[in-house]
Amino acid sequence: MASRKGSHQSRGNGDKYSVLLPTYNERENLPLIVWLLVKYFGESGYNYEIIVIDDGSPDGTLEVAEQLQRIYGEDKILLRPRAKKLGLGTAYIHGIKHATGNYVFIMDADLSHHPKFIPEFIEKQREGGYDLVSGTRYRGDGGVYGWDLRRKLISRGANYVTQVLLRPGASDLTGSFRLYRKEVLESLVERCVSKGYVFQMEMIVRARQGNYTVGEVPISFVDRVYGESKLGGNEIVSFLKGLLTLFATT
């Protein structure tokens with residue numbers, strides 16, 4: 001009851017939360033993730049908008065997004081599509097330009113990040129006045145579900161090596177469920193040069209360099225419900241190359 005009381009009081013404080021959802025072939029997942037976002041934002045009373053950034057998905061993701069916009073309203077669902085797949089970093093830059101919130105959530109649209117954690121992110125940020133709150137799979141009640149041993153070993157190994165080399169001051173560097181102050185996200189994205197899985201890691205490293213404060217919320221990460229994972233051998237090689245580049249330049 002205390003949490004509900006605090007969230008209702010938040011309606012009048014002027015804060016607004018923009019959720020950036022980059023999509024590519026997520027027509028099955030998008031209706032579910034949007035419904036869950038609307039549900040948890042609605043229950044907690046926080047002001048929000050959802051910005052869908054589709055990169056020319058051939059499976060009709062944009063058409064599904066248009067239907068969702070008609071259902072939930074143009075004030076809550078903003079469509080900012082691009083003609084082709086241009087990368088995660090540029091998707092965030094594109095989305096930020098259209099965000100009207102003073103705080104920005106980034107998360108995956110494939111249901112691996114559950115919106116039920118959003119109120120915890122907001123409460124954590126307000127308690128500590130953090131510039132960035134990151135979801136972590138490796139502390140507290142956090143965890144990973146639906147991955148085979150190979151993927152768990154890759155993720156744990158990548159996180160461990162990164163901790164040793166970069167000492168970033170955060171427990172989960174490759175996760176992509178985060179809450180940023182809008183101006184902080186703008187600053188970090190402009191400074192990052194990495195692509196793929198290294199991008200999220202560089203964001204945390206650059207945050208440390210910029211003396212931004214980072215809080216963490218334990219989350220449960222669930223492997224995508226529909227569609228195929230995009231993690232392959234090429235991504236692993238790219239991750240290692242990007243990690244060594246960061247180690248040499250930061």
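Biologist: What makes the pair S18 and G101 a polar contact?

Modeller: The backbone nitrogen of G101 lies 2.9 Å from a polar atom of the side chain of S18. A polar contact is a pair of N or O atoms within 3.5 Å; within protein, one must be able to donate a hydrogen and the other to accept it, and residues adjacent in sequence count only if both atoms are side-chain atoms. The distance of 2.9 Å is within that limit, so the pair is called a polar contact. This is a predicted model, in which local features need pLDDT of at least 70 and side-chain atom pairs count only at pLDDT 80 or more, while totals for chains, interfaces and linings use all residues. Residues are numbered from 1 along each chain as its sequence is written, and side-chain values use heavy atoms, with hydrogens and water left out.

Biologist: How do you know whether S18 is buried or exposed?

Modeller: Buried means under 20% relative accessible area, exposed over 50%, and partly exposed in between (1.4 Å probe, protein chains only). S18 has 0% relative accessibility, so S18 counts as buried. Its place is in strand β1 (residues 16-23); helices (H or I, at least four residues) and strands (E, at least two) are DSSP runs, numbered from the N terminus. Residues that S18 touches (heavy atoms within 4.5 Å) include E49, I51, T100 and F105, not counting residues up to four places away in sequence.

Biologist: What makes a set of residues a nonpolar core?

Modeller: The set must consist of buried Ala, Val, Leu, Ile, Met, Phe, Trp, Tyr and Cys residues joined through side-chain atoms within 4.5 Å. The largest such core here has 34 residues, and L21, F41 and F105 are among those with the most contacts inside it. Helix α2 (30-44) gives the largest share, eight residues. In soluble globular proteins, nonpolar side chains tend to be buried together.

Biologist: Why is the pair K39 and E43 called a salt bridge?

Modeller: A salt bridge is a side-chain nitrogen of Lys or Arg within 4 Å of a carboxyl oxygen of Asp or Glu. In K39 and E43 the closest N and O atoms are 2.8 Å apart, so the pair meets the limit. Both residues lie in helix α2, four residues apart, about one turn of the helix. An α-helix has 3.6 residues a turn, so residues three or four places apart point the same way.

Biologist: How are K39 and E43 classed by accessibility, and why?

Modeller: K39 has 28% relative accessibility, so K39 counts as partly exposed. E43 has a relative accessible area of 34%, so E43 is partly exposed too.

Biologist: What do you find for D55 and R82?

Modeller: Their side chains meet in a salt bridge (2.8 Å, N to O). The pair links distant parts of the chain, with D55 in the loop between β2 and α3 and R82 in the loop between β3 and α4, 27 residues apart. D55 is buried because its relative accessible area is 6%, and R82 is buried because its value is 12%. The structure holds six salt bridges.

Biologist: How do you know where the buried residues of helix α7 lie around its axis?

Modeller: In α7 (residues 182-191), K182, V184, L185, L188 and V189 are buried. Seen down the axis, the buried residues of α7 fall within an arc of 155 degrees, so they line one face of the helix. The arc is that of the directions from the helix axis to the C-beta atoms. What covers these residues includes β1, α4, β4, β7 and α8.
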